[in-house]
Amino acid sequence: MIVFNLSHEKVLDSLKASLEKDNLSELYVNLDNETPSNVKEVFSVSYFDHILTEDEYMNEQFVCYANIVELNDKYFDEKFTTIANEFLYIYQRLFDLNDGFVYIDANTSIIKTKNSAVYARHIINGLKERPTCCLVFQNLKLVVDLGFDLTHCFYCLDDSKIKQIKEMILSTNLFILQP
C-alpha cells in the first residue's frame, strides 16, 4: 500500500540548496565542471562495452529510448525492456543499500524521498529521458547522472562502498567503463 507522508516527500528548489539546507553540501557535485576534488572515483555504467566514438554513435541503430519510439519494432522494444530492467535492478539495490533519503534532481524540481515508488517512477522516467535525472544517495555518498545513451555516470564521494557497488553492477549484463 502506498501512503503519502509529507515528511518523506519534499519538493525543493535546487540540488545544491537542498543539500546545503540538510548540511550535506559535501555531497554536491557540479556536473558542469571538471571532477571536483571531493570525488574519490568516477566511472560509467553502460549497456555498451566501451565509450562510443561519434561515428559509432551515429551508426548505432539503438542508443537510447528515443530510438525505440522511432523504430517501433518489437525486437528493440524487448531489448530496451531487458536493458532497463538491468538498470532498475542496480538502482533498486542502491536504494536499499542507501537506507535513507535519495535526492532526485529531475530538472524541474528536486525531490528528497525515502519512498521507493516515487524513486522508481523517477528512475523509469529517467531511463526514458522524460526527463533524465541526477540522483544523490545520502548514506552511500554517491551521485549518479543518468545519461541519454544508456550510459550513466557514477561519482563516488566515499570509497568504502565502491567495491560493493561495482560487484553489484558486474552481476548484471551492463559494463563498467573507466574514463
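Colleague: How are α4 and α6 oriented to each other, roughly parallel or roughly antiparallel?

Modeller: Two packed helices are described by the angle between their axes and the distance between the axes. In this predicted model, where local features need pLDDT of at least 70, side-chain atom pairs count only at pLDDT 80 or more and totals for chains, interfaces and linings use all residues, the axes of α4 (residues 74–98) and α6 (residues 162–170) come within 10 Å and cross at roughly 150°. The two helices are therefore roughly antiparallel, a term for angles over 145 degrees. Residues are numbered from 1 along each chain as its sequence is written, and side-chain values use heavy atoms, with hydrogens and water left out.

Colleague: Which residues of α4 and α6 make the contact?

Modeller: With contact meaning heavy atoms within 4.5 Å, α4 gives Tyr89, Ile90, Arg93, Leu94 and Leu97, while α6 gives Gln164, Ile165, Met168 and Ile169. By class, these are 7 nonpolar, 1 polar and 1 charged.

Colleague: How much space lies in the largest pocket?

Modeller: A pocket is an open set of points on a 1 Å grid over the protein atoms alone, where a 1.4 Å probe fits, with protein on both sides within 12 Å along at least five of seven lines. Here the largest pocket holds about 210 Å³, and of the 15 residues that line the largest pocket (an atom within 4 Å of a point), the closest to its centre are Ser44, Ile51, Asp149, Thr151 and Leu177.

Colleague: Which element gives the largest share of that lining?

Modeller: That is β2, with 4 residues.

Note on methods:
Grid points are joined across faces, edges and corners, and a volume is the space filled by probe spheres set on the points. Axes are lines fitted to C-alpha atoms, for helices over the stretch in contact, and angles run from 0 to 180 degrees between N-to-C directions. Angles under 35 degrees count as roughly parallel, over 145 as roughly antiparallel, 65 to 115 as roughly perpendicular and the rest as oblique. Ala, Val, Leu, Ile, Met, Phe, Trp, Tyr, Cys and Pro count as nonpolar, Asp, Glu, Lys and Arg as charged, and the others, Gly among them, as polar.
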